[in-house]
Amino acid sequence: MPRFAPRPLPLLAAIAALLCAPVTMGAASYSNTFDARVLAAHNAERAALGIPPLRWNPELVESAHAWGQYLATTGRFEHAPERHMDPEGENLWAGTRGYYSPEAMVDGWIREKRYFKPGSFPNNSTTGRVADVGHYTQLMWRDTIEVGCAVARGRAEDVLVCRYKNAGNYRGERPF
């Protein structure tokens, strides 16, 4: 009967490589993890209502990053000017620097569903204020197929900007 002995060196080398991976991968690891986590948070909510998942769009990430940097460096908090030729939807979020996870940031928009009521936009809020559901309806908009998000760090706040194609929140249309 053959005898098999454990080989500790390859196992130890594999463990060491795993432990060193975050250090050797640097910022690229954070970016990929952030991207995947933000996309998963969006798609989990969409899946709960049977809405097709969004795809990650690097061009939207660049657009979101540029606007987020502007907001973080100026201390302003406002939507970007609308692009009429190729409109993008946009959600903004801000919170204490370094405190919130990507899922918690997106959840800030998802929690607006507590005020959502079915119907044509902008008559979707139980409070009568579209601002109470507008982030949620954009996140869930049935015709939106792509998203790209970026976080910018201001002095005291992180600013999350997500951009969406196709844009949502059109008057007279049902979100989903």
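Because the structure is a predicted model, local features are reported only at pLDDT of at least 70 and side-chain atom pairs only at pLDDT 80 or more, whereas totals for chains, interfaces and linings use all residues. Residues are numbered from 1 along each chain as its sequence is written, and side-chain values use heavy atoms, with hydrogens and water left out.

The chain contains four helices and four strands, these elements being DSSP runs numbered from the N terminus (helices, H or I, of at least four residues; strands, E, of at least two). Along the sequence they follow the pattern α-β-α-β-α-α-β-β. Of the 176 residues in the chain, 39% are buried, where buried denotes a relative accessible area under 20%, exposed one over 50%, and partly exposed the range in between (1.4 Å probe, protein chains only). Among the contacts in the chain with a separation of 6 or more, 67% are accounted for by residues 24 or more positions apart, a contact being defined by heavy atoms within 4.5 Å.

The four strands form an open sheet of mixed pairing, in the order β1-β3-β4-β2, two strands being taken as paired if DSSP finds at least two bridges between them. The edge strands, each of which pairs on one side only, are β1 (55-56) and β2 (89-96). Strand β4 (residues 157-165) pairs with β2 in the antiparallel sense over eight bridges, and G89 stands opposite Y164 of β4. Helix α2 (residues 58-74) lies across β1, β2, β3 and β4 and runs at about 30 degrees to β3. Helix α3 (residues 102-110) also packs on the sheet, where this helix touches β2, β3 and β4 and its direction makes about 60 degrees with that of β4; for such angles, which run from 0 to 180 degrees between N-to-C directions, the axes are lines fitted to C-alpha atoms, for helices over the stretch in contact.

The largest nonpolar core comprises 21 residues, and those with the most contacts inside it are V106, W109, L160 and C162; a nonpolar core is here a set of buried Ala, Val, Leu, Ile, Met, Phe, Trp, Tyr and Cys residues joined through side-chain atoms within 4.5 Å. At least two residues of this core are supplied by each of α1 (8-48), α3, α4 (134-140), β3 and β4. When neighbours within four places in sequence are left aside, W109 is in contact with H42, N91, L92, W93, H135, Y136, L139, L160, C162 and Y164. A second, separate core of eight residues includes A64, L71, A80 and L92.

The structure holds one disulfide, identified as a pair of cysteine sulfur atoms within 2.5 Å. This disulfide is formed by C149 and C162, whose sulfur atoms are 2.0 Å apart. The pair links distant parts of the chain, with C149 in strand β3 and C162 in strand β4, 13 residues apart. The torsion about the S-S bond of C149 and C162 is about 110 degrees, and the disulfide is therefore right-handed. Both cysteines count as buried, C149 because its relative accessibility is 1% and C162 because its relative accessibility is 0%.

With a relative accessibility of 18%, E146 counts as buried, and its side chain makes a polar contact with the side chain of R55 at 3.4 Å. Such a contact is a pair of N or O atoms within 3.5 Å; within protein, one atom must be able to donate a hydrogen and the other to accept it, and residues adjacent in sequence count only if both atoms are side-chain atoms. Beyond its neighbours within four places in sequence, E146 is in contact with L54, R55, N57, L60, R163, Y164 and K165. A152, which also lies in strand β3, counts as buried at 1% relative accessibility. With neighbours within four places in sequence left aside, the contacts of A152 are G68, Q69, A72, E157, D158 and V159. The C-alpha atoms of A152 and L71 are separated by 8.1 Å, although these residues are 81 apart along the chain.

Not counting residues up to four places away in sequence, P118 touches N123, N124 and R174, and P118 and P175, 57 residues apart in sequence, lie 8.2 Å apart in space, C-alpha to C-alpha.
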